[in-house]
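Biologist: Before we discuss any details, could you put the model up for both of us?

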Amino acid sequence: MIPLRLVETDREDFDGPVVELWRDDEFIAMVFWDGETTVVQVYSGADGDVFDLDVPDLQRILTTAEQIVDPHAFDEELSDLRSEATSDSDWDDEQPATIALVEEFDPQAMHRSPDGEGFFPGEVATAFIRRCEDLDLAVVEMEGFDFDGSTLHPRPGLELMIQPQEVMGWADFRRYANGRALDTLSDWDTRRSLVFAFVVQQPDGESFVA
């Protein structure tokens, strides 16, 4: 049986992403978030006949589609992962700016790895860098990935590492680093499937993974 494939799209009459389900060139269904729950609309074939679909394949692709369109799909997972990632650390010793950044942007991560690393969609990534500037923090590493709802795929070329600038004081370096990060992000592909990871440096020279 021909496997299903999904295509993530944007439609003018939908606020969030829409996922189309295809089998070769046959349009099967579309999945979207209606504000309260995930909805799948199934269509009949061009000739009016029904589609015979493999149940495990359909379950797999609907799960992935739901993760893409549901804005709350990872809320519980992200909370658990962050709790695990920080359970052995003493947050009382962290700088107030670092705590403020983490508390503000943790809920906005689209995905979080088992070790607690966050991956943020493009519009959040821009706000993240600007907030670092406000909090006297500097983005010193940034990397882009494609995220299909369950798996991260590294994107060669979407990598930025900002080296220390010995001739600069902290304030100048912070502005330089965050400015480069913003400029680089604006030059990178902005398709919806892209997510971004960050390493942030504090004024004391310590760095942390966001």
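What follows is a short exchange on one helix and its surroundings.

Modeller: This is a predicted model, in which local features need pLDDT of at least 70 and side-chain atom pairs count only at pLDDT 80 or more, while totals for chains, interfaces and linings use all residues. Residues are numbered from 1 along each chain as its sequence is written, and side-chain values use heavy atoms, with hydrogens and water left out.

Biologist: Within what arc do the buried residues of α5 fall, seen down its axis?

Modeller: Helices here are DSSP runs of H or I with at least four residues, strands are runs of E with at least two, and both are numbered from the N terminus. The buried residues (under 20% relative accessible area, 1.4 Å probe, protein chains only) of α5 are F173, R174, A177, N178, A181, T184 and L185. Taking the directions from the helix axis to the C-beta atoms, these residues line one face of the helix, because they fall within an arc of 130°.

Biologist: Which exposed residues does the face of α5 turned away from its buried side carry?

Modeller: Exposed means over 50% relative accessible area, with partly exposed in between. On the buried side, the cover includes α4, β7, β8 and β9, whereas the face turned away carries S186 and D187.

Biologist: Is Q201 buried or exposed?

Modeller: Q201 lies in strand β9, and its contacts (heavy atoms within 4.5 Å) beyond four places in sequence include W170 and F173. Because its relative accessibility is 18%, Q201 counts as buried.
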